[in-house]
Structure formats: C-alpha cells, structure tokens
Amino acid sequence: MAESVLVTRNLTKKYGPATVVNNVNLNIEKGQIYGLVGRNGAGKTTIIRMVTAQTVPTEGELSLFGATEPGALGKMRARTGAMVEIPSFYPYLTAKENLEYYRIQRGIPGKGCVDEVLRLVDLKKAGGKKFKTFSLGMKQRLGLALALMDRPDFLLLDEPINGLDPEGIVELRNLLLDLNRERETTILISSHILSELENLATHYGFIDNGRMLEQISAKALKEKCRACLELAVDSAPAAARALEQGLGVRDYEVLPDNIIRLYCHLDEPARVTQLLVENGVALRSIEQKGANLEDYFLSLIGGVRHD
Amino acid sequence: MLNYIKAELYRAAHHMTVYLVSGILLALALAFATMWVGPFTFPNMAALLSVTMPVGLFMAAVMDVVVVSGIHRTGSLKNELSFGIPRSRIYLGKLTAAFLLSVMLCALVLGGFLGLSCLLTAPGDPEETRVVLAVLGYVVAASFPLWLGALSVTHMLFFALKSEVMAACLTAYLLLLGEPMTAIFTMINSETIAAPARAVREVMLTTPFWKYEGELTWQLMAQNWAIGLGWLVVSTAVGLWVFRRAEIK
C-alpha cells in the first residue's frame, strides 16, 4: 500500500455562520498528482491554507506524512513546498535575495540551491531584479522557485498557472511532470483551468460549496468519460443479446434503468437502431455521449449556474 | 531560532531604512555634539547625553518597525508558516532581531556622540569625568529595560493589527501622549479617577525618565527593570496569543 502523504478527516472551516469547507475527507498518496477541481470560492484555497498552517481548522483533523500532532505536523511541513494564492515576497529585495533570506531561515545548507531553483523556473537572468518590478508571471515563477528550494516531497500549488504565458504553462507542466517522475514528488494542484489539469493529474478531487463531491483516479475518470452510444431500451438483456449476435460487440456496459452504453460502432447509430428494431427491442432514445473533465465537473455540480 | 534571527538580520542588512534611520540618528547626534563643542568640556557633553535617554524609546520602536513593517502587507508570513516554522518562533525571532538591531543602533549613536565629544572638547577634570560617566552608565542601564518595553509593545501592535498606520499611531500615542494624557486624569478632583490614573502613570514607560532628575538609587533601577520587563512580558504574551489565532493571508 502506498504511503499516505495527506489525509484529512472531516476537515471543516467556518467563518462566522458561513461554512467554507465542510467535512472534507482527502487522501493523497505518495507519487500522485492530485488535481483539486472547483469553482472560485469552492473551498480549494482554504483547504490548502489549512494544510499549510495559514489558518486553523474549525473541526476535523489532518495528517501529513502520518503526523497529526501540532509539533510533529510542523516538522512534516518542512518536507513540503507551497505556493498559495499570489506569491508574496519582500518588494525591496531582489529575487535572489528573497530566496537567500528563506534559505538562511530554513537552514538549507549551500547557496547553490538558490541558483539551481532560479534556473529551474527560468528566472536566472532576473535574479538581480527587485521583486517589486516583477510581472505576475515572474512572481508565479519565483513562488514556484521558493516552493521547490528544499527539494520537497510534497508540493502544494494553488492556481500556479495564473499569470503564466502559454510557453510558461507548458514549461510548468513539464517541470511538474519531471519532478513527479524523477523525484517522486507528490503534488496537490488546484486550478480552475481544467484542460491544464487534464494534462497533469493522476487523481482528482471535485469540490463545490466546501463539500468534496467525488475523488476519482484519472484512469477511472477517463473510463467514465469515454465516448459511447447511450441506448435507452425496454429490455437491456434483449438488447445486449441482439448487439452481441448481430454486431459481435463485447465492448458495452449495462447500466440501471435499461440503459446500455456501447463503446464501438459510434458512427453507426442508424445500423444499431435498425438491428434493435429487427430484434423486437423498443428503443426509447439513442444518444452520442462522452465528456471531458469540464463536462464531467459541470455534470457533478449540476450544470453551469447563472446566479 | 538562530537561523531565523540570522535571516532577519540578513533582510535588515538589505533594507535601506536601516541605513537611513541609522544615518539620520548618527548625523543628529553628531550635529547635537558639535553645537555644544565650544564652551563645553567632555564631562559636560557626557552629562548632556544623560538627559537624552527618552529618545531611546523611539529608536527601539523605529528599529522594530524596520523588522516587522510589511509582514501583513507583503503576505510573506505565509511562506514561513507553510514551511512549518512555529508562530512563536516567527514572533520571537523577529523580536530578537529587532532587539539586536536596536542595540547596534544604540551603540552607534552613543559611541558616535561620545567619540566626537572626546575628539573635539577639552578633557575636563578626571574626577568629574568619572562621576559623569558613572551617571551615564547608570541612566543607560536604567533606561535599557524601558527601551525593551517600547520595542516589545511596538512589536505586539504591528503583529496584532493588520493596519500599520493604526499600529504606528497607537505606538506614537503610547510613547508621546500616553503619559501626559494620564497625568491630566491624576489632576481630576475625584479620587476614584485620580487614584487609578496615578497607578497607571507610575508604570508607564515614559514616567521613570522624570525621576532621573532626583536621586539615582538602586531602588529606581529595580523599578525601571520591573516596569520594562513587565511591559515586555505582558505585551509579548498578548502578541503571541493574538498571532497564534490570526488568519494569515
């Protein structure tokens, strides 16, 4: 069984009467790239802020690398790197000085790591520039450099793509994939740019209104979102028989309420209809289905809201 | 903790304000020294320095502001917390760094003033010099805990209040107007108001400086240390309590 990196049990955060995070149970295992998916205000950042000690949970508990007690949790946080919301640094210090300040503070030996992470995020040339002159994209890169400085085992990134240009997004994606592959870095990444998460995540957590709606692996999600012909019939066993005998198909799924999902012959709905009719199966509806992450998320939360 | 303090001093060393404040205070001290050079001897100059001790309250406050200003505005605290640095270490580490900077600034200004006075004035009577330097040593030692109290109160206000303007105003009020305002209440012709006002005034950080005009006793020294350390302990406890519960954004 893989080592659990982050586990939360009934994690709850309330601000006055408002419950921002509501009984969230998370389980992130070593080596996963966990995409936390949710709209703005869904509670993604608050969860990350609780994990990184910026705010205290109202109820519930969290365990980091198996540690749950406050003192032990603090020690385990030293194994993490985090970038939460907009990266914050001292404006009057240069990028290099800012990182050097945190290097000294954390007791990381050797000044080489500062240059190494600046190179890693492509800020080597801008290392001598003051933070106050940085663009949002450069700030994001510097935030990432800080998160990576002590070779963390667990990386928490809150909307890291914000402000990055297309080239920067590709570089970030490749960097995260490399870290995950080569150093086995576990990554928790929250984003509302779902197409980007699709290229990265091995697991997903869907959150809305502070509640965890579903946790699913990318593989299982892919399976769920597979393109298919969805047939609503009067008798699923009869329809299945007809499909097997008439078209020789094996790649289908029978769902409750006499629904059949057919994963082949997608471009032959007329032939499928004719076959079913010929075999005395009444067809209530036939629909081409298939979803991407965005569609799946929207179906989970019940569609786009217009409030 | 040592790494934390080292990092704070590294940051302060790259902060223009540290050099600006140190330069201005040193220039003022040297200008003040040169003003009196003509008719004054070295013991006179040292005696003059003895009456400037309240300035140390503001120097300590300013040095603390250099260390803590921007902690809420820049949002840099979240970087420290997310790495697992305990909040108590952040609070006390910054306080210690501000204390060390204040001591350095104090040594620079006192040393600069005395050094220039020594160079530019007549040496004076050796016995008089010895007595005046002993008095100066006494008032510095007696003022030191009060400066420390001012530093820790400033620290607490800047940590506890999200608005730096509000924190600066409260610090200024406490160090400039707190004691005179309390003194007004002591004059009210009602013991229910005047008696507590007198008690409060007795423990205010600025009150002990008035007592240097009288006899310099060990009892006065002990009182000053009790007042200064009292402010240090209480304000640090309050500051830590508030900071441990604070939402960091």
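Which element supplies the largest share of the lining of the largest pocket? Helix 2 of chain A does, with six residues; helices (H or I, at least four residues) and strands (E, at least two) are DSSP runs numbered from the N terminus.

The model is predicted: local features need pLDDT of at least 70, side-chain atom pairs count only at pLDDT 80 or more, and totals for chains, interfaces and linings use all residues. Residues are numbered from 1 along each chain as its sequence is written, chains are lettered from A and ligands numbered from 1 in the order in which they are written, and side-chain values use heavy atoms, with hydrogens and water left out.

**Stop 1: the largest pocket**

Select A:Ala53, A:Pro70, A:Gly74, A:Arg77 and B:Pro86, which are the closest to the centre of the largest pocket among its 32 lining residues. On a 1 Å grid over the protein atoms alone, a pocket is an open set of points with protein on both sides within 12 Å along at least five of seven lines, a cavity is a set where a 1.4 Å probe fits but cannot get out, and lining residues have an atom within 4 Å of a point. The space in this pocket is about 840 Å³; grid points are joined across faces, edges and corners, and a volume is the space filled by probe spheres set on the points.

Next, colour strand 4 (59-64), helix 2 (70-77) and helix 3 (95-106) of chain A, then helix 1 (2-13) and helix 6 (87-120) of chain B; each supplies at least two residues of the lining. The lining has 14 nonpolar, ten polar and eight charged residues. In this scheme Ala, Val, Leu, Ile, Met, Phe, Trp, Tyr, Cys and Pro count as nonpolar, Asp, Glu, Lys and Arg as charged, and the others, Gly among them, as polar.

**Stop 2: the second largest pocket**

The second largest pocket has a volume of about 410 Å³. Select B:Thr52, B:Val55, B:Gly56, B:Met59 and B:Val109, the closest to its centre of the 23 residues that line it. Helix 2 (16-35), helix 4 (55-68), helix 6 and helix 7 (126-160) of chain B each give two or more residues to this lining, and helix 6 of chain B has the largest share, eight residues. The lining divides into 20 nonpolar, three polar and no charged residues.

**Stop 3: the interface**

Display both chains: 27 residues of chain B are in contact (heavy atoms within 4.5 Å) with 31 residues of chain A. The two chains bury about 2,600 Å² between them, 55% of it on carbon and sulfur atoms; buried area is the accessible area (1.4 Å probe) that two parts lose on being put together, summed over both.

**Stop 4: the cavities**

There are two cavities of 30 Å³ or more. The largest cavity has a volume of about 70 Å³, and its lining includes A:Gln54, A:Met83, B:Lys78 and B:Ser82. Helix 5 of chain B gives the largest share of that lining, three residues.

The second largest cavity has a volume of about 40 Å³. Select A:Arg106, A:Leu146, B:Ser82 and B:Phe83, which are among its lining residues. Strand 5 of chain A provides the largest share here, three residues.
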